[in-house]
Amino acid sequence: METPGSQSSLHRANLERVVRAVRMAGSLTQADIARTTGLSAATVSNIVRELKEGGTVQVTPTSAGGRRARAVSLSGDAGTVVGVDFGHSHLRVAVGNLAHQVLAEEAEPIDVDASAEEGFDRAEQLVHRLVASTGISREKLIGVGLGVPGPIDVETGELGSTSILPGWSGTHPREELASRLGVPVHVDNDANLGALGEQVWGNGRGATDLAYIKVASGVGAGLVINGQIYRGPGGTAGEIGHITLDESGPVCRCGNRGCLETFTAARYVLPLLHSSHGTDLTMARVVQLAREGDPGCRRVVGDLGRHIGSGVANLCNLLNPSRVVIGGDLAEAGDVVLGPVRDSVARYAIPSAARQLTVVPGTLGGRAEVLGALALVLSEMGDATLLEPSAPVPGRRHAGAVDGERRAPVGALAAPV
């Protein structure tokens, strides 16, 4: 038995510190591990050697600053995680390992009017199929990250009111999917997961204070403060779509008038172009036409940018983030949308806050949320199990895989070294 303060308990704590640092970053050089954990280079070297001999980490040659170095990552077979993302009209699932590599990924359309039960049936089948496609044993599955387009009550786990999946309000997504898959499930809203995805794999790398703005059927912000997702006591932090821009404006679904969402969400914006461009437009198509020089679409996208910039300016004044990432389809518009966002920030934000802010497009596109779901599991899982790979995970039961016809293994997506 380890005694608190004993040499063995200190060694165990140092093992967990190194594993945690590698787990969160995906891959680190030994020098980076020493800087991150505060441990000496000699201690890190000894711990990495021990973890490698135990099969917990793998070490590969790399370079850092023009010098040879060794990159440390969790072993590819140390465990498997799954990300599930429900959107307005899609279901996307990804399977990854603890080395931050995506092993399989697939998306399929989903009817927004489908019941929650039908949606979870589809998710369960797709998870089983993709895990089976990787050839990895189901016993290696550590947990699932789940993204939903609505607020999650942090105390009850209940999904709040959502106009995107109206039949899902009042459900408990975490418990439902956990009972089906037999592994721990971590759930969050899509904007928060988009922020996590961009922070780990995309244009949010290196930023400890950032906001991820997603504009789709609704408008939301994922907030990262001091390196951690900020959800608020009730789980509703980041509802930037309900900042009031015009008290006499259109009535919003929340009951107020002139919310940012009523000037930027797709269901309000697309009708502006119906008379000139037809009624089968999508936001992705509007962005494409804007990039190609269509005057009407450029005007609409530019107006979107100015409105979003007003909301971002409010965030700057309140939270002073160093980076804002614009996600979703709008990220593809480039300077057509980013220029007006920056102009509004310069006009409405406190000058000192505006000077410190960088506004960038997301690089992950529609994958940001599902990759964020993978990152959520990686951030929430404990380290003790990784140091005892033969020990069973408490509460885990085996659920047989379901064979399927479509398999979509994709290339590795590694985190920065």
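Reader: Which residues are linked with E106 in a network of salt bridges?

Author: In this predicted model, E106 belongs to a salt-bridge network that also takes in E108, R122 and R129.

Reader: And how many salt bridges does a search of the whole structure find?

Author: The search finds 19 salt bridges.

Reader: Let us take some pairs one by one. Which residue forms a salt bridge with R12?

Author: The partner of R12 is E16, with 3.3 Å between the closest N and O atoms. Both belong to helix α1 (residues 7–25), and because they are four residues apart there, about one helical turn separates them.

Reader: What about R306, which residue does R306 pair with?

Author: R306 forms a salt bridge with D303, and the closest N and O atoms are 2.4 Å apart. The two residues are three apart in helix α11 (residues 295–319), about one turn of the helix. R306 is partly exposed at 38% relative accessibility, and D303 is partly exposed at 24%.

Reader: Are R92 and E105 buried or exposed?

Author: Both R92 and E105 are buried.

Reader: A change of topic: what does strand β3 pair with?

Author: Strand β2 (residues 57–64) pairs with β3 in the antiparallel sense over eight bridges; within this pairing, V59 has V72 as its bridge partner. Strand β1 (residues 28–29) also runs antiparallel to β3 (residues 67–74), joined by two bridges, and T29 has A71 as its partner in β3.

Reader: Which residue takes a positive phi in the hairpin of β2 and β3?

Author: G65 does, with phi near 65 degrees; the hairpin has two residues between its strands.

Reader: Lastly, the surface. Which residues form a negative patch?

Author: The negative surface patch consists of D111, D113, E117 and E118.

Reader: Where is D113 placed, then?

Author: D113 sits in the loop between β6 (102–109) and α4 (116–134). With a relative accessible area of 62%, D113 is exposed.

Notes. Residues numbered from 1 in each chain as written. Predicted model: local features only at pLDDT ≥ 70, side-chain atom pairs only at ≥ 80, totals over all residues. Heavy atoms only, no water. Patch = residues over 30% accessible without salt bridge, like charges linked within 9 Å, V, L, I, M, F, W, Y side chains within 5 Å. Areas by Shrake-Rupley, 256 points an atom, 1.4 Å probe, with all protein chains shown as cover. Salt bridge = Lys/Arg side-chain N within 4 Å of Asp/Glu carboxyl O. Lys, Arg positive; Asp, Glu negative; His and termini not counted. Charge placed at Lys NZ, Arg CZ, Asp CG, Glu CD. Buried < 20%, exposed > 50% of the residue type's maximum accessible area, 1.4 Å probe, protein only. Pairing = 2+ DSSP bridges.
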